[in-house]
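Welcome, and please open your viewer. We will take a short tour, one selection at a time.

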Amino acid sequence: MLYGILAAIAALFLSAALAALLRGPALRLGVTLRRRGPRPVPLLGGVAVTLATCAVAAAGHAVGVTPLGGRTGTLLAAGAAVAALGLVADVWRLKSRFLLAGTAVAAACVVPYEETGVVGGAPAVAFVACAALAFRSLDHADALAGTVGVVTAFGVGACAAAEGQDGLAVLLSVVAAALTGFLTHNWHPARIALGASGSLFTGFLLASAAVLTRGGHGPVSTAGVLFSLTALAAVDAVLVVVSRRLAGRPLLRSGPDHLAHRLRRLGLTPQGVTVLLGAAAFGAVAAGVLVHTGRAGGSTVLWVAGGALAVVCLLLRVRPYGPKRATYTTASMTSAQVSASLRVRNG
């Protein structure tokens, strides 16, 4: 317990420090995300999260407190490989199909086939790969991916602790702490972003850890728990896919059609969007944890699924591709615009 607290504190401060240090090199090297506006956002925040997580976990292994043998070590190594693939995508803009294939290969190395079998292992690999890419899509708004990642890491960590997988639980607490340190630089207006490296690393670790905690459980209940733990990323992905299909747009063509974009069109502030979606993720993750630990029935997942369906249906009514409705106030208008407005008003 004491080591877990110390490891989390170390990961938090190390991640925050590395994010601050990597911001300058990212700007100089042009590894940035250009959003609407003149200010580019560096993309090496994920490197800070990955390095902090791996360094703290390796230190615990070196002193013999939390050995990384078995599944936990394999999971961390595979996650580091996925992070490296994401870094390549941040620098050279790899296409999504290469990211999906590489993440699937890494997932195939961590799925517990002795418990799932080959038949059950294939859907598990697909779930991990798709969840990682869905989590990457959450990086479209400041602090959103990090906030959802922290909430999910605590939830999956609770599931791991309930199964007696203490090493995995400590690793997830380290991930949560590293993301928290990163969030000190990612809150709106973000000074650095996770990028594909950090978002794929986080999504891959969380989804793979969730699969590991569900080893030996029934396939139907496992599917329900895994959905609850990753519900927010799933809702965002489904919303984007359905919206682009209905609009006749290519699936891989980016656009302002994610959860945060639509909520912003409804008038929420960037901070309000993050808080609202973080709270929604907490509710879904809590439901998954309660079902996993037997404190709630399997029907609880149906409420999560029903809420997810309602959110998708409601937000599909928000048109994401048209121009925003222009609103003007006297404070934001130029003197010429004010004069023209007065002339029209006075006839």
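Contact here means that heavy atoms lie within 4.5 Å. Keep in mind along the way that this is a predicted model.

**Stop 1: Leu-144.** Start by selecting Leu-144 and looking around it. Which residues is Leu-144 in contact with, leaving aside its neighbours within four places in sequence? They are Leu-138, Leu-232, Ala-260, Thr-274 and Leu-277.

**Stop 2: the core.** Now widen the view to the largest nonpolar core, which has 98 residues. Leu-144 is among those with the most contacts inside this core, together with Leu-75 and Phe-204. Next, colour residues 166-186: this is helix α7, which gives the core its largest share, 13 residues.

**Stop 3: a pair of helices.** Select helix α6 (residues 144-162) and helix α12 (residues 270-292). Their axes are 9 Å apart and the helices pack at an angle of about 15°. Because angles under 35 degrees count as roughly parallel, α6 is roughly parallel to α12. The crossing of the two is right-handed.

Show the side chains where they meet. On α6 you will find Leu-144 again, with others including Val-148, Val-151 and Cys-159; on α12, look for residues including Leu-277, Phe-282 and Val-289. What kinds of residues make up the contact of α6 with α12? There are 11 nonpolar and 6 polar residues, and no charged ones.

**Stop 4: helix α9.** Finally, select residues 219-229, which form helix α9. Its buried residues are Thr-222, Gly-224, Val-225, Leu-226, Ser-228 and Leu-229. These buried residues pack against α6 and α12 from the last stop, and also against α5 (113-137), α8 (195-213), α10 (231-247) and α13 (300-315).

Methods: Residues are numbered from 1 along each chain as its sequence is written. This is a predicted model: local features need pLDDT of at least 70, side-chain atom pairs count only at pLDDT 80 or more; totals for chains, interfaces and linings use all residues. Side-chain values use heavy atoms; hydrogens and water are left out. A nonpolar core is a set of buried Ala, Val, Leu, Ile, Met, Phe, Trp, Tyr and Cys residues joined through side-chain atoms within 4.5 Å. Buried means under 20% relative accessible area, exposed over 50%, partly exposed in between (1.4 Å probe, protein chains only). Helices (H or I, at least four residues) and strands (E, at least two) are DSSP runs, numbered from the N terminus. Axes are lines fitted to C-alpha atoms, for helices over the stretch in contact, and angles run from 0 to 180 degrees between N-to-C directions. Angles under 35 degrees count as roughly parallel, over 145 as roughly antiparallel, 65 to 115 as roughly perpendicular and the rest as oblique. A crossing is left-handed if the near helix is turned anticlockwise from the far one by less than a right angle, and right-handed if clockwise. Ala, Val, Leu, Ile, Met, Phe, Trp, Tyr, Cys and Pro count as nonpolar, Asp, Glu, Lys and Arg as charged, and the others, Gly among them, as polar.
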